[in-house]
Amino acid sequence: MGSRINFFKQYISNPGSIGAVAPSGKILASLMLDGISLDQASTVVELGPGTGVITSEIQKRISSKVRFMAIEKNPSFVNDLNQRLDQVEIIEGDATHLTRLLESRQLDQVDVVISGLPWAAFDGSIQDSILSEVASALAPEGRFVTFAYGGIHLFPKARAFRQRLGKYFGKIERTQLAWRNLPPAFAYHCNK
Ligand SMILES: C[S@@+](CC[C@H](N)C(=O)[O-])C[C@H]1O[C@@H](n2cnc3c(N)ncnc32)[C@H](O)[C@@H]1O
């Protein structure tokens with residue numbers, strides 16, 4: 001419950017960066033992660049872990065040998081995640097610097113990128129910059145997964161984001177809607 005309260009507090013102080021009033025639920029996390037073969041991956045990156053709901057689900061599905069990093073911009077979330085989660089490298093940073101953050105850790109390619117970023121709150125230039133970083137960081141057979149809020153996905157910035165996905169990924173599949181998520185949401189599963 002403490003995490004949910006902190007999430008809401010962070011939303012009140014910075015709605016444009018947090019982008020939702022509550023963390024994702026486990027049903028949405030399953031829609032995002034089912035079918036991703038996380039157990040086969042050797043490097044996994046999460047963008048915008050927030051209070052770590054999806055992070056914890058990823059941890060259940062990866063092997064003990066995987067390198068798992070989560071990049072979060074909000075210092076309060078970083079602090080909280082560092083105290084609660086181990087076996088994940090929490091990096092305080094901006095997803096727009098993804099390749100630089102990886103290079104400084106001697107990594108040039110990752111197998112899976114899982115995003116919890118609020119795309120519909122971002123301007124086109126930020127969407128483009130992060131998607132370009134993700135596409136450069138992903139291995140040729142890599143997977144990119146993200147979510148969108150139902151209804152909001154019809155707003156101009158969200159529609160622009162869906163179009164941009166097509167610029168960077170050859171195959172994009174949309175899951176069903178998780179109605180019980182707050183707000184309801186679905187996932188996009190993307191391959192280069
Ligand atoms: C909609 S919340 C999702 C949080 C969590 N993934 C979940 O599903 O509950 C968006 C998260 O992205 C983070 N964020 C926003 N912009 C970011 C950026 N440029 N780089 C890294 N994290 C960012 C926010 O601080 C917040 O934790």
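Biologist: Which polar backbone atom is 3.4 Å from a nitrogen atom of the ligand?
Modeller: That one belongs to K73. Keep in mind that this is a predicted model.

Biologist: Okay, and what sits 2.5 Å from an oxygen atom of the ligand?
Modeller: An N or O atom in the side chain of E72.

Biologist: Where does D94 come in?
Modeller: D94 places a polar side-chain atom 2.9 Å from a nitrogen atom of the ligand.

Biologist: How much of the ligand does the protein bury?
Modeller: Taken alone, the ligand exposes 600 Å², and the protein buries 99% of that.

Biologist: Switching topic: how far does α1 reach?
Modeller: Helix α1 covers residues 2-13, so to speak 12 residues, and spans 17 Å from its first C-alpha to its last. That is close to the 16 Å expected at 1.5 Å a residue.

Biologist: Which residues of α1 are buried?
Modeller: N6, F7 and Q10. They cover an arc of only 105° around the axis, which puts them on the same side of α1.

Biologist: Why would residues three or four places apart point the same way?
Modeller: Because an α-helix has 3.6 residues a turn.

Biologist: And what about the other side of α1, which residues are exposed there?
Modeller: K9 and I12 are exposed on that side.

Biologist: Last one: what covers the buried residues of α1?
Modeller: The cover includes α2 (15-18) and α5 (75-84).

Notes: Residues numbered from 1 in each chain as written. Predicted model: local features only at pLDDT ≥ 70, side-chain atom pairs only at ≥ 80, totals over all residues. Heavy atoms only, no water. Helix = DSSP H or I, 4+ residues; strand = E, 2+ residues; numbered from the N terminus. Expected span 1.5 Å × (residues − 1). Buried < 20%, exposed > 50% of the residue type's maximum accessible area, 1.4 Å probe, protein only. Arc of directions from axis to C-beta. Contact = heavy atoms within 4.5 Å. Polar contact = N/O pair within 3.5 Å; in protein donor to acceptor, adjacent residues only side chain to side chain. Areas by Shrake-Rupley, 256 points an atom, 1.4 Å probe, with all protein chains shown as cover.
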